[in-house]
Amino acid sequence: MKEIKLRDYKFELYIEEQTILSSIKKMGEQIKRDFEGKNPLFVCVMNGSFVFASELFMTINEGYDVAFARYSSYSGTSSTMELKEHMPVSMPVEGRTVILIEDLIDTGYTMKCVKERFYELGAKEVFIAAMLQKPKALKCDVTTDYVCLEIDNEFIVGHGLDYDNMGRMYRDIYKIKSLDN
């Protein structure tokens, strides 16, 4: 599909699935090399990371621990710059090396706060692996250790990313095109 519509917005094709999958495969191979023999705990930051996390884990293909947590700082098409913890991490992290799996680093606010939270919970080390990052949108001092693709400062949906809970199931990624009047 070249174009989709979600609520009042039209979106146009931005990144095709094959490009995304190829970059996830490269990232997974790198993480597998970097953490060989270290038994990290992977934490999927829900909801958006579930598609990316699944594909990344199939590439890594190891018996590592996986946990889930849910945080948000978005409403509609913009960040609220306020972190909400909807579901705390589902496994103990004390003394562990943690790899946070995130769909998109935008302002960086959510991941900065989540990383700090995991250190408060006693994590030994915390790394961030993101499917996408918007370097021009960063407003916080946060390091993303693994990034599949850097993108422009566009509002996007698809491949796990949503607009008010719609659009996550598209294989490709779409960028906002217009507001219908």
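Helices α1 and α2 are oblique to each other in this predicted model. α1 covers residues 17–34 and α2 covers residues 50–60. The two pack at an angle of about 55°, with their axes 8 Å apart. The crossing of α1 past α2 is right-handed. On the α1 side, the contact uses L21, I24, K25, M27, G28, E29, I31 and K32. On the α2 side, F52, E55, L56, T59 and I60 take part. By class, these contact residues are seven nonpolar, two polar and four charged.

Next, the backbone. Most residues other than glycine have a negative phi, and most peptide bonds are trans. The peptide bond from M46 to N47 is cis, with omega near 10°. N47 sits in the loop between β3 (41–46) and α2.

Are they buried or exposed? H159 has a relative accessible area of 2%, so it is buried. D164 has 34%, so it is partly exposed.

Finally, look at S90, in the loop between β5 (78–87) and β6 (97–105). Beyond its neighbours within four places in sequence, S90 contacts A67 and F68. Its side chain reaches the backbone nitrogen of F68 at 3.1 Å. A69 is 21 residues from S90 along the chain, yet their C-alpha atoms are separated by 6.6 Å.

How values were computed: Residues are numbered from 1 along each chain as its sequence is written. This is a predicted model: local features need pLDDT of at least 70, side-chain atom pairs count only at pLDDT 80 or more; totals for chains, interfaces and linings use all residues. Side-chain values use heavy atoms; hydrogens and water are left out. Axes are lines fitted to C-alpha atoms, for helices over the stretch in contact, and angles run from 0 to 180 degrees between N-to-C directions. Helices (H or I, at least four residues) and strands (E, at least two) are DSSP runs, numbered from the N terminus. Angles under 35 degrees count as roughly parallel, over 145 as roughly antiparallel, 65 to 115 as roughly perpendicular and the rest as oblique. A crossing is left-handed if the near helix is turned anticlockwise from the far one by less than a right angle, and right-handed if clockwise. Contact means heavy atoms within 4.5 Å. Ala, Val, Leu, Ile, Met, Phe, Trp, Tyr, Cys and Pro count as nonpolar, Asp, Glu, Lys and Arg as charged, and the others, Gly among them, as polar. A polar contact is a pair of N or O atoms within 3.5 Å; within protein, one must be able to donate a hydrogen and the other to accept it, and residues adjacent in sequence count only if both atoms are side-chain atoms. Buried means under 20% relative accessible area, exposed over 50%, partly exposed in between (1.4 Å probe, protein chains only).
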